[in-house]
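Thanks for making the time this morning.

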Amino acid sequence: MLSPSNVTLALFHSLSLSFSFTNSLSFSPPLQTQVNSQRTRRTKLPCFSKSGQQRMANSNLYLDYHGLLLPKIAHTEESLNYLQNFQVKDDDVIAVTYPKSGTTWVQEILPPLLNGGDLTSVETIPNWDRVPWLEETRASVVLDKLHSPRALVSHMPYNLMPSSFFKSKAKVIYVARNPKDVLVSSFHFHQMASFLEDPGTFEEFVDKFLSGKVFFGKWADHVKSWRNPELGDRILYITYEEMFQDLRQVLGRILKFLGRELSAEALDRVVNHGTFKNMKTNKMSNYSLVPENIMDCKKSPFLRKGIAGDWKNHFSPELDAKFTAVIQEQMKGSNIRFPWDEE
Ligand SMILES: *[C@@H]1O[C@H](CO)[C@@H](O)[C@H](O)[C@H]1NC(C)=O
């Protein structure tokens, strides 16, 4: 099994730095300089590749993968090759999210749902190694060591999944979140994460988000891609808002979808562990293991409020009207209705 004490955080692979989690974290000063100078240079957004080929974009912070911007800190040519060649197993469970839509939350609840309610892994293994992202650098390091059924996550749109995925019976749990709250969360995340571009003002960031000039592209494209009818009953759609409203009910739906059961007592334990309050103080999930110059929880904690509807504290009525109109246009013809559309 993986032990947190010797987990090397290759999240920083692309910055040619790795370090071990011991009692005290140490990192070399050059990284700090490197990250800060990259950030202050305020890199220009890269041009999207028209060829559809993978290539390095004109940005210090992101690479361009089939037109998708991916933060170089966790995505490399090797990690994306690994993704393409990854052999999905029929009993894999893959949670798919657009960034800032509840990924950490599913990383917290999936392992105990799959192992009879045992919380050991969520209490001892960092979320990125416990339920790894298929496209990130840690995948090649940890995936072979995971026991089946494996819980995995991905931010990839449907069409960029590995070819083995399409032939497999692996199940997918797609978590969507009100894009206004996704945007607010992403805005704060850009402020605290030195591996993302400076978000600019909130208004500027709204424009970037709507035009897809942010990591993993347009929210609407991502959501629509995963409504592909080819998926049939291999996919379960849930929302962050439903998890927030009634976690137990959502966990019940996930168990049913996976054909699994938990004792009432075990389910209680998972529900209790999965509350925002408890997740926020789980060192293995709140990103406090990441050095401050990479993710500065003093600027904004990674797990910030854990609420639904915080966008109302950030959007002016004009901005709200504009955002709603653009998203409606982008979703036109998709017939997808979300609970927040009725608000
Ligand atoms: C993360 O969890 C640790 C351990 O409970 C806690 O001391 C720390 O304050 C948490 N960090 C944040 C930003 O909430």
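**Around helix α9**

Just after α9, Gly212 takes a positive phi of about 80 degrees. Before I go further, please keep in mind that this is a predicted model, in which local features need pLDDT of at least 70, side-chain atom pairs count only at pLDDT 80 or more, and totals for chains, interfaces and linings use all residues. Residues are numbered from 1 along each chain as its sequence is written. When I name helices and strands, I mean DSSP runs numbered from the N terminus, with helices being H or I over at least four residues and strands being E over at least two.

On that basis the chain has 15 helices and six strands. Of its 343 residues, 38% count as buried, where buried means that 20 or more other C-beta atoms lie within 10 Å of the residue's own, exposed means 12 or fewer, and partly exposed is in between, with C-beta atoms placed from the backbone.

Which residues of α9 are buried? They are Phe205, Val206, Phe209 and Leu210, and because they fall within an arc of 130 degrees when seen down the axis of α9, they line one face of the helix; the arc is that of the directions from the helix axis to the C-beta atoms. As a reminder, an α-helix has 3.6 residues a turn, so residues three or four places apart point the same way. The buried residues of α9 pack against α8 and α15, the latter covering 317-331.

Let me stay with the first of those partners. Helix α8 (residues 179-192) and helix α9 (residues 202-210) pack at an angle of about 115 degrees with their axes 11 Å apart, the axes being lines fitted to C-alpha atoms over the stretch in contact, and angles running from 0 to 180 degrees between N-to-C directions. From α8 the contact draws on Leu183, Ser186 and Phe187, and from α9 on Phe202, Phe205, Val206 and Phe209, where contact means C-beta atoms, placed from the backbone, within 7 Å. These residues divide into six nonpolar, one polar and no charged; here Ala, Val, Leu, Ile, Met, Phe, Trp, Tyr, Cys and Pro count as nonpolar, Asp, Glu, Lys and Arg as charged, and the others, Gly among them, as polar.

Within α8, Phe187 counts as buried because it has 22 C-beta neighbours inside 10 Å. Leaving aside neighbours within four places in sequence, Phe187 is in contact with Pro199, Phe202 and Phe205. Phe187 and Phe202 are 15 residues apart in sequence and 7.2 Å apart in space, C-alpha to C-alpha.

**Backbone in the loops**

His66 is found in the loop between β1 (62-65) and β2 (68-71), whereas Lys100 lies in the loop between β3 (93-97) and α3 (103-114). Is each of them buried or partly exposed? His66 is partly exposed, with 18 other C-beta atoms within 10 Å, while Lys100 is buried, with 24.

Finally, the peptide bond from Ser148 to Pro149 is cis, with omega near -5 degrees, and Pro149 is found in the loop between α6 (138-142) and β4 (151-154).

Notes:
Contact = placed C-beta atoms within 7 Å.
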